[in-house]
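Here are my comments on the model you sent.

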Amino acid sequence: MKIRAIIKKTVAVIAMAVIVYGVIGISASAMTYSPYGGSNTSLTQISVTAWFNSGYKTTAADTKYGVKKNAYIKQCWVRIQEGSYDKKVWSEAFTRAEKKQGRASLTCGNNPFYVATATWGWKYN
C-alpha cells in the first residue's frame with residue numbers, strides 16, 4: 001500500500017511540474033502583436049531590439065515606443081553608438097497586406113570609457 005501511495009504522489013508532483021513549466025514557457029516566449037522598441041545595458045554588453053506586425057494599425061498606447069498613432073509599420077531599425085562604434089540594422093520590409101512580423105536587434109560590448117546610445121525607429125506604409 002505504501003508503495004502505491006508514493007508512486008501516486010510522485011506522478012502527481014511530476015504532472016504539476018510539467019504543467020507549471022509549460023505555462024511559464026509559453027508565457028515567457030510570447031511577443032505582443034503591437035510594436036515594441038527597447039534597449040538593455042549591462043556591465044558587459046548593450047542590446048537594442050525593435051519589432052512590429054505589418055498588418056497591425058498602431059494605437060495611442062503604442063506611441064510610447066515612438067510610433068505614429070493610426071499607422072501601419074513597414075520596417076523598423078535599431079542603432080547603437082558608442083565611441084567610434086556606430087552600427088544600424090534594419091528589419092525586412094513588409095506591406096500591411098502581408099501581415100508579417102519584422103524584427104531588428106543589435107548587441108555589442110559595453111565599453112565603460114564611452115557613453116553609449118541605443119535607439120530604434122520605424123518606417124511606415
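1. The loop between S2 and S3 holds asparagine 70. The model is a predicted one, and the points below should be read with that in mind.

2. Asparagine 70 has a phi near 60°, which is positive although the residue is not glycine. Most residues other than glycine have a negative phi. With a relative accessible area of 48%, asparagine 70 is partly exposed, because the exposed class starts over 50%.

3. Lysine 99 also deserves a look: its phi is near 50°, again a positive value in a residue other than glycine. This lysine is placed in the loop between strand S4 (85-90) and S5. Lysine 99 is exposed, at 60% relative accessible area.

4. On the sheet: three strands form an open sheet in the order S1-S2-S5, and the pairing is antiparallel. S1 and strand S5 (101-109) are the edge strands, each pairing on one side only. From one strand to the next the twist averages 5°. S2 and S5 are joined by nine bridges and run antiparallel. Within the sheet, alanine 50 stands opposite alanine 104 in S5.

5. Which residues form the salt bridge? The search of the whole structure finds one, and in that salt bridge the side chain of arginine 79 meets that of aspartate 86 at 2.7 Å, N to O. Aspartate 86 is partly exposed, with 45% relative accessibility. Arginine 79 is partly exposed too, at a relative accessible area of 25%.

6. Five aromatic pairs turn up in a search of the whole structure. In one of them, the ring centres of tyrosine 33 and tyrosine 56 are 5.3 Å apart and the planes stand at 90°, so this pair is edge-to-face. Tyrosine 33 belongs to the loop between helix H1 (2-29) and strand S1 (36-41), and tyrosine 56 to the loop between strand S2 (45-53) and strand S3 (73-82), so the pair ties together parts 23 residues apart in sequence. Tyrosine 33 is partly exposed at 46% relative accessibility, whereas tyrosine 56 is buried at 16%.

7. A further ring pair joins tyrosine 36 and tryptophan 51: the centres are 4.8 Å apart and the planes lie at 35°, so the pair is tilted. Tyrosine 36 is in strand S1 and tryptophan 51 in strand S2, 15 residues apart, and the pair links these distant parts of the chain. Tryptophan 51 is buried, with a relative accessible area of 12%, because buried means under 20%. Tyrosine 36, at 28%, is partly exposed. Ring pairs also bring in Tyr65, which forms a cluster with Tyr36 and Trp51.

8. Finally, charges over rings. Lysine 88 lies over the face of tryptophan 77, 4.2 Å from the ring centre. The charged end of arginine 96 sits over the ring of tyrosine 72, and its distance from the ring centre is 4.4 Å.

Note on methods: Residues numbered from 1 in each chain as written. Predicted model: local features only at pLDDT ≥ 70, side-chain atom pairs only at ≥ 80, totals over all residues. Heavy atoms only, no water. Salt bridge = Lys/Arg side-chain N within 4 Å of Asp/Glu carboxyl O. Buried < 20%, exposed > 50% of the residue type's maximum accessible area, 1.4 Å probe, protein only. Phe/Tyr/Trp six-rings, centres within 6.5 Å; stacked < 30°, edge-to-face > 60°. Helix = DSSP H or I, 4+ residues; strand = E, 2+ residues; numbered from the N terminus. Lys NZ or Arg CZ within 6 Å of the ring centre and 35° of its normal. Pairing = 2+ DSSP bridges. Axes fitted to C-alpha atoms, helices over the stretch in contact; angles between N-to-C directions.
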